Amino acid sequence: MKANAHTISIHAHSHSPVPVAILPISAYPLVPESGLKFNGVMEDQLSELRSLASHAENRRTETGIPRVAMVQGAIPEHELAAVYDPMVNLILQGSKSMTVGEQTLHYDPATYFVMSVDLPAAGVIRSSNSGAPYLAVSLTLDASLLAGLLSDLPNTANRVGQDTGFSVAAVTPELLDAWVRMLRLMKQPSDIPALAPAYEREILYRVLQGPMGWMLRDIATPDTALARVNQAIQRIRREYERPLRVEELAADVAMSVSAFHRHFKAVTALSPLQYQKQIRLLQARTLLIAAGYSVTAAAHEVGYESPTQFSREYARTFGMPPAKDTARIITSMKA
């Protein structure tokens, strides 16, 4: 749920949106929400979490707890496309699809979503089968806290699949319990400084002990492929408006060009050039909507030499030319 121009559903430096047209293949089929199987304890935990988060708005809602946010209700489509920060996202009601590149993951209260690197993604949310609004909480990952926690733990995580930077895992009673205690702090703000760090460590510990724990371990461990790709991602994010030289990026992280391409695609579901393009287009969309830039000015600001090429790639990504897309979104915001 966090963003720069910020997005809403999980965390994002949401610079702006990516298209609905960007939602392709389903990679993680789930049991329909009506078929979720929870024991009594988990049902009670979810019920309490829903009550605690019930005052969330349909935008990133701060909880008063560092790095913890929540969101509820119908979120505008353009705000669900953004550059998302590393985070753990837990859906309490309804469901969501997250699309990165050509991969789409679906999750609901039976699962939680982990993103270990900054990724441009598009989200689609749905109400529950009963009609109750979408409701979710999130924890933005703190790299230094994660590294400190890892130094105190044995490496027991089993690797699952490739060096992906995002995935979904089944929720557990232990993880829900840590979240319950974390959100209860909203009722006792004076306890936050003393207790929130302990609960945050526990949430991270539960994720580290789960099937996606290796992902967080790798991102916080120097010299893993995931950590090296993340280093390259940070450079692209800082210098997105400059021409991208893949050979230079690969050399920076001590990889051959072929190995760098392979690992970058595995982590982000995008090639380095595709990643940069998404960053540029998302940032341009923010400039058009929030800052009132002209199409030509936005194109040049994010690194395009040709406004015509910019408009063509923008339309291919967002489904319509920049001026028309901007007018549509601004009109919807006023409605």
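In the predicted model, strands S6 and S7 form a hairpin with two residues between the strands. Gly101 takes a positive phi near 60° in this hairpin. S6 spans residues 95-100, and S7 spans residues 103-107. The two strands run antiparallel and are joined by five bridges.

S6 is mostly covered, with six of its six residues buried. In a regular strand, side chains alternate between the two faces of the sheet. Along S6, Ser95, Ser97 and Thr99 point one way. Lys96, Met98 and Val100 point the other way. Both sets are buried, Lys96 included.

Rolling a probe the size of a water molecule over the atoms shows where empty space is left. Three cavities of 30 Å³ or more were counted. The largest cavity holds about 130 Å³ of space. Its lining consists of Arg235, Ile236, Glu239, Arg242, Pro243, Leu244, Arg245, Glu248, Leu249 and Gln276. Helix H6 (225-238) and helix H7 (246-252) each supply at least two residues of this lining. By class, the lining of the largest cavity comprises five charged, four nonpolar and one polar residue.

Note on methods
Residues are numbered from 1 along each chain as its sequence is written. This is a predicted model: local features need pLDDT of at least 70, side-chain atom pairs count only at pLDDT 80 or more; totals for chains, interfaces and linings use all residues. Side-chain values use heavy atoms; hydrogens and water are left out. Buried means under 20% relative accessible area, exposed over 50%, partly exposed in between (1.4 Å probe, protein chains only). Helices (H or I, at least four residues) and strands (E, at least two) are DSSP runs, numbered from the N terminus. Two strands pair if DSSP finds at least two bridges between them. On a 1 Å grid over the protein atoms alone, a cavity is a set of points where a 1.4 Å probe fits but cannot get out, and a pocket is an open set with protein on both sides within 12 Å along at least five of seven lines; lining residues have an atom within 4 Å of a point. Grid points are joined across faces, edges and corners, and a volume is the space filled by probe spheres set on the points. Ala, Val, Leu, Ile, Met, Phe, Trp, Tyr, Cys and Pro count as nonpolar, Asp, Glu, Lys and Arg as charged, and the others, Gly among them, as polar.
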